[in-house]
Amino acid sequence: MRVQVAIIGSGPAGLLLGQLLTNAGIDNVILDRVGKDYILGRVRAGVLEDGTVRLLDEAGASARLHAEGLQHGGFSLAFDGRNHRIDLAGMTGKKVTVYGQTEVTRDLMQERERSGAKTIYEADNVNVHDFGSTSPYTTYEHGGKTRRIDCDFIAGCDGFHGVSRRSVPESAISTYERAYPFGWLGVLAEVPPVANELIYANHARGFALCSMRSMTRSRYYVQCPLDDKVEAWSDERFWDELRRRLPLENAEAVTPGPSFEKSIAPLRSFVAEPMRFGGLFLAGDAAHIVPPTGAKGLNLAASDVHYLFEGLHEYYADRSMAGLDAYSQRALQRVWKAVRFSWSMTMMMHRFPDTGAFGQKIQEAELDYLVHSRAAATALAENYVGLPF
Ligand SMILES: Cc1cc2nc3c(=O)[nH]c(=O)nc-3n(C[C@H](O)[C@H](O)[C@H](O)COP(=O)(O)OP(=O)(O)OC[C@H]3O[C@@H](n4cnc5c(N)ncnc54)[C@H](O)[C@@H]3O)c2cc1C
């Protein structure tokens, strides 16, 4: 098989890139090592920036998002037993859209099927070859046979554990990493959310986040030790712990119910540089990871795709490499700002084992400054709704 662009990974980055390319008449194939149902079963991000929604519009995959997504013009920072609202819309003129990553993925998959573009699920042992040359190709195993796809370019959209980044010689790549000494225990339940907007709570017992997927489905998280086991967290224990970390007015409004997804995720900041190696381009989690505190992971995947699609489009329209040559630098400029923001939100909202009395006072001063300074709150809001791309 021969295509113009071979995409590794059918997550949001791969699907979005695939749809933009297909709509522009650029032939592509997506390879994923797992099946469609497995991908749709992964519960992850849920807050979309304007720019991400705009790209989904451009991809033609946003009708349901506009019908069912929730527009949020603010969120709460809870500490000292009180809520302090950050007025996103008032400070930036922008809102965010609450719509689950699973639904974004489902919409993009449906649009891809409708447009007849090819996806190969359950492709084993995917490998990328000769991306330093002008004739890169990928191989994979399917139905007991090894197959080959020749292409002009390879887009590595295969997440943090994918094969694309790992195929790059160590001497050609630099990585920057920070692992955080705790995880997030997340619960999804068919219960109404505790409030109309998200609540990020800093509490002596640890961080908590009240999020949602709809007005009948809630997503909650509590900070937990990294070595905690999900089995140690009954639903009752989870609801009790969540309530303890919220201001009284919110704690009383929590509607408990049976969870239908419960998992512990580690928190990490990670960036690989550059994001281009000849004919291989990394996008999304394949190149960088952020802790979910700033709601940036999925949105960064979208901005990478924007820059990569522009470069590919320019190449096929004008035979110009300018956009592709600039891809890594343009994407990384935005990536590092989101990495900084996600790190700063994580530092401000969590209790660290080694904070100490001085660190604790600094955290309290930062929160107090934030909610009493319009300038500081505006800077937070500007980053939360997403820097332009
Ligand atoms: C548990 C968890 C919770 C998260 N929660 C949030 C959140 O609340 N807010 C937020 O903003 N972000 C969150 N994120 C981050 C967000 O989900 C990611 O940033 C986003 O999924 C990135 O999209 P992607 O397409 O780059 O990568 P992915 O979604 O990881 O997709 C990569 C795809 O590549 C495929 N793949 C991997 N290896 C191979 C291979 N060798 N061959 C072929 N295919 C391969 C995978 O099966 C997958 O389908 C969370 C992530 C995780 C893991």
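This is a predicted model: local features need pLDDT of at least 70, side-chain atom pairs count only at pLDDT 80 or more; totals for chains, interfaces and linings use all residues.
Residues are numbered from 1 along each chain as its sequence is written, and side-chain values use heavy atoms, with hydrogens and water left out.

Now switch to cartoon. You'll find twelve helices and 20 strands (DSSP runs, H or I of at least four residues for helices, E of at least two for strands, numbered from the N terminus). The radius of gyration is 21 Å, close to the 21 Å from the globule rule for 389 residues, so the chain is as compact as a globular protein of that length (C-alpha atoms; the rule is 2.2 Å times the number of residues to the power 0.38).

Next, go inside. Of the 389 residues, 55% are buried (under 20% relative accessible area, 1.4 Å probe, protein chains only).

Select Leu-16, Leu-17 and Leu-308: they have the most contacts inside the largest nonpolar core, which has 77 residues (buried Ala, Val, Leu, Ile, Met, Phe, Trp, Tyr and Cys joined through side-chain atoms within 4.5 Å). Then colour helix 9, residues 297-318, which gives this core its largest share, eleven residues.

Zoom in on Leu-16. Leaving out residues up to four places away in sequence, Leu-16 touches Leu-55, Leu-56, Ala-59, Leu-108, Ala-302 and Val-305 (heavy atoms within 4.5 Å).

Last stop: select Ile-86, Met-91, Val-96 and Leu-209, which are among the 34 residues of another core, apart from the largest one.

Terms used. Buried means under 20% relative accessible area, exposed over 50%, partly exposed in between (1.4 Å probe, protein chains only).
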